[in-house]
Amino acid sequence: MNVDSLKKGIVIDHIKAGSCMDIYKYLELDKMDCSVAIIKNAKSNAMGKKDIIKVEGLLDIDLDVLGFIDCNITVNIIDNGNIIEKKKLTMPEIIRNVVSCKNPRCITSIERGIEQVFKLTDKEQHTYRCVYCEQKYEQK
């Protein structure tokens, strides 16, 4: 895979500088059998610096995870070397099994096999809360 061009795949663009490894982890790209290029601190007119992830091959990625991490990210679908679709993300209302509740008394901490579900409660502050115990998720 050439870092500058992609025949078929996905380009995750406009990632806040320094955040690409979080996305790499959340999307579990290390477990996939495909080429991945990570570009850190690329120059950007709009952002100053940004990160970019290029993934070879068309994959089914969870856009809700990306919207949860940063709703300013754009996802470009590439086929035959051309952008065939550009997706703008939004903050998802509900996220499932992306992050874990830190409340030791939450049912998800006590019982095994219960989904970790968080609901968007304040769009302005990017606040998510556990649907079981109302614990606020603190993004680092």
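Q: Is Cys130 buried or exposed?
A: The structure is a predicted model, in which local features need pLDDT of at least 70 and side-chain atom pairs count only at pLDDT 80 or more, while totals for chains, interfaces and linings use all residues. Residues are numbered from 1 along each chain as its sequence is written, and side-chain values use heavy atoms, with hydrogens and water left out. Relative accessible area, taken with a 1.4 Å probe and protein chains only, sets the classes: under 20% is buried, over 50% is exposed, and anything in between is partly exposed. Since the relative accessibility of Cys130 is 1%, this residue counts as buried.

Q: How far is the sulfur of Cys130 from the closest cysteine sulfur?
A: A disulfide is a covalent bond between the sulfur atoms of two cysteines, and here the term is applied to a pair of cysteine sulfur atoms within 2.5 Å. The structure holds 0 disulfides. For Cys130 the closest cysteine sulfur belongs to Cys106, and the separation is too far for a bond, at 3.7 Å.

Q: Which element supplies the largest share of the largest nonpolar core?
A: A nonpolar core is a set of buried Ala, Val, Leu, Ile, Met, Phe, Trp, Tyr and Cys residues joined through side-chain atoms within 4.5 Å, and the largest one has 29 residues, of which Ile12, Ile23, Ile53, Leu66, Phe68, Phe118 and Tyr128 touch the most other members. At least two residues each come from β1 (8-16), α1 (20-26), β3 (48-56), α2 (63-69), β4 (74-79), β7 (117-122) and β8 (127-130). The largest share, 4 residues, is supplied by α2.

Q: Which residues does Leu66 touch, not counting residues up to four places away in sequence?
A: Leu66 is among the residues that touch the most other members of the largest nonpolar core. Taking contact to mean heavy atoms within 4.5 Å, and not counting residues up to four places away in sequence, Leu66 touches Ile12, Ile23, Leu27, Ile61, Cys71, Ile73, Val75 and Leu89.

Q: In what order do the elements of the chain run from the N terminus?
A: Helices (H or I, at least four residues) and strands (E, at least two) are DSSP runs, numbered from the N terminus. The chain has 3 helices and 8 strands, and their order is β-α-β-β-α-β-β-β-α-β-β.

Q: Which residues are in contact with Thr127, leaving aside its neighbours within four places in sequence?
A: Thr127 is found in strand β8, where its relative accessibility of 8% makes it buried. Leaving aside its neighbours within four places in sequence, the residues in contact with Thr127 are Lys119, Leu120, Thr121, Asp122 and Lys136.

Q: Which residues are in contact with Ser100, leaving aside its neighbours within four places in sequence?
A: Ser100 lies in the loop between β6 (94-96) and α3 (107-110), and its relative accessible area of 37% makes it partly exposed. Its C-alpha atom is separated by 19 Å from that of Ser19, which is 81 residues apart along the chain. Leaving aside neighbours within four places in sequence, Ser100 is in contact with Gln116 and Phe118.
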